[in-house]
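Me: I have a chain and its ligand open on the screen. Take me through them in short questions and answers.

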Amino acid sequence: MTAISTQGLEKRYRGGIHALRGVDLQVDRGEIFGLIGPNGAGKSTLVKVLLTIVRRTSGTASLLGQPVGHRPTLAKVGFLPEHHRMPRYLTGRQAVLYYARLLGMTKREREHRADEMIDIVGMGHAAHRKLGTYSKGMQQRIGLAQAFVNEPELVVLDEPTDGVDPVGRVEIREVLLRMRERGTAIFLNSHLLSELETVCDRVAIMLEGTVRRQGTPAELSGNPKWRLSYQGDAVAGHDSNDFHFEGDEHQAQRELDLARQQGRVITHFAQEPISLEELFLAEVRDQQGDQP
Ligand SMILES: Nc1ncnc2c1ncn2[C@@H]1O[C@H](COP(=O)(O)OP(=O)(O)OP(=O)(O)O)[C@@H](O)[C@H]1O
Ligand SMILES: [Mg+2]
């Protein structure tokens with residue numbers, strides 16, 4: 001069952017900016033899906049079209065199997081908008097309760113879920129302070145608690161780690177993983193690639209209003225990269241006893257065999273993490289190459 005599906009989605013803003021130029025995307029239930037793209041690629045526009053904040057120009061899209069705009073479905077979707085602003089005079093807890101109320105949750109449910117989510121996002125210590133006194137990262141955490149408050153089946157997060165420090169980012173990733181365990185599908189976008197590579201089951205690269213590639217980080221990156229180091233001198237064919245190479249498992253085994261045949265003691269052998277940043281930059285370079 002799909003969480004989000006779009007076919008040929010287009011958005012042309014008044015004034016002529018063609019922000020979405022035929023977006024085809026598929027997000028499955030229960031997965032964390034990341035949309036990466038540079039500033040102005042159309043990431044927020046896509047999110048806004050899905051949540052009916054802006055109207056699409058053409059194409060089709062569905063959320064949780066229902067066409068975009070289906071009201072009962074929107075109630076099952078959590079949302080953290082880009083640069084969200086909440087009333088400064090509310091405390092963190094009041095803000096989360098307020099959103100829970102808008103979603104039509106009962107008082108008991110609201111109180112139970114608000115406290116649970118505030119705890120999960122690590123804001124228990126400041127829940128009774130006013131939002132106006134929060135740092136950016138604290139506001140962002142309350143924003144997340146709000147997005148998950150009604151146990152949505154799908155959550156859409158526009159730049160969830162915006163303004164959050166590195167420790168907070170790691171914590172937010174942990175929150176996302178916890179929510180996925182409960183079966184929530186998470187669609188998030190970011191221009192920070194490192195945010196996405198560790199948590200996303202699948203990613204899409206968006207450039208100038210179209211999705212260029214989508215798949216698992218492994219699918220997008222092609223052959224894995226490896227690092228091998230051993231004691232002693234470099235064996236014939238290598239300049240160093242500590243080096244990186246690209247290739248499939250068989251090539252990796254050949255490199256190991258070669259070092260062992262020469263009597264080297266292997267000190268490190270591992271697959272290097274896939275770098276979305278490299279992939280992404282390659283895609284941007286390709287695109288620039290396409291232009292006259
Ligand atoms: N309300 C609007 N009216 C007209 N043009 C808009 C509007 N909102 C966005 N755009 C334009 O649409 C394009 C895509 O913008 P969008 O905000 O979707 O990008 P983004 O990928 O979210 O970028 P960022 O990483 O900076 O958040 C940009 O050229 C932007 O100027
Ligand atoms: Mg944006």
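Me: Which residue in E9 stands opposite Phe 33?
Reply: This is a predicted model, where local features need pLDDT of at least 70, side-chain atom pairs count only at pLDDT 80 or more, and totals for chains, interfaces and linings use all residues. Residues are numbered from 1 along each chain as its sequence is written, while chains are lettered from A and ligands numbered from 1 in the order in which they are written. Strand E3 (residues 32-36) and E9 run parallel, joined by four bridges; strands pair if DSSP finds at least two bridges between them. Opposite Phe 33 in that pairing stands Arg 202.

Me: In which sense do E9 and strand E10 pair?
Reply: Strands (E, at least two residues) and helices (H or I, at least four) are DSSP runs, numbered from the N terminus. Ala 204 stands opposite Gln 214 in E10. Five bridges link E9 to E10 (residues 210-215), and the sense is antiparallel.

Me: What phi does Glu 208 have in the turn?
Reply: Most residues other than glycine have a negative phi. E9 and E10 form a hairpin with two residues between them. Glu 208 sits in that turn, with a positive phi of about 45°.

Me: How many residues of strand E9 are buried?
Reply: A residue is buried if 20 or more other C-beta atoms lie within 10 Å of its own, exposed if 12 or fewer, and partly exposed in between; C-beta atoms are placed from the backbone. E9 covers residues 202-207 and is largely enclosed by the rest of the structure, because its buried residues number five of the six.

Me: Which helix gives the largest share of the shell around ligand 1?
Reply: The shell has 14 residues, and the closest are Tyr 13, Asn 39, Lys 43, Ser 44 and Thr 45. A residue is near a molecule if its C-beta atom lies within 6 Å of it. Three shell residues, the largest share, come from helix H1 (residues 43-50).

Me: Is H1 largely enclosed or exposed, and why?
Reply: The buried residues of H1 include Lys 43, Ser 44 and Thr 45. Just after H1, Thr 52 takes a positive phi of about 60°. Eight of the eight residues of H1 are buried, so the helix is largely enclosed.

Me: Why does Leu 64 count as buried?
Reply: Leu 64 lies in the loop between strand E4 (58-63) and strand E5 (66-67). Leu 64 is not a glycine, yet its phi is positive, about 50°. It counts as buried because its C-beta neighbours inside 10 Å number 20.

Me: How many C-beta neighbours does Glu 159 have inside 10 Å?
Reply: Glu 159 sits in the loop between strand E7 (154-158) and helix H6 (166-181). Its phi is positive, about 55°, although it is not a glycine. Glu 159 counts as buried, because its C-beta neighbours inside 10 Å number 22.

Me: With which residues is Ala 145 in contact, leaving aside neighbours within four places in sequence?
Reply: The largest nonpolar core has 67 residues, and Ala 145 is one of those that touch the most other members. Such a core joins buried Ala, Val, Leu, Ile, Met, Phe, Trp, Tyr and Cys residues through C-beta atoms within 7 Å. Contact also means C-beta atoms within 7 Å. Beyond those sequence neighbours, the partners of Ala 145 are Val 96, Met 117, Ile 118, Val 121 and Met 123.

Me: How far apart do the C-alpha centres of domain 1 and domain 2 lie?
Reply: Domain 1 spans 2-220 and domain 2 spans 225-273. These bounds come from an automatic or database domain assignment. The two C-alpha centres lie 42 Å apart.

Definitions and conventions:
Two residues are in contact if their C-beta atoms, placed from the backbone, lie within 7 Å.
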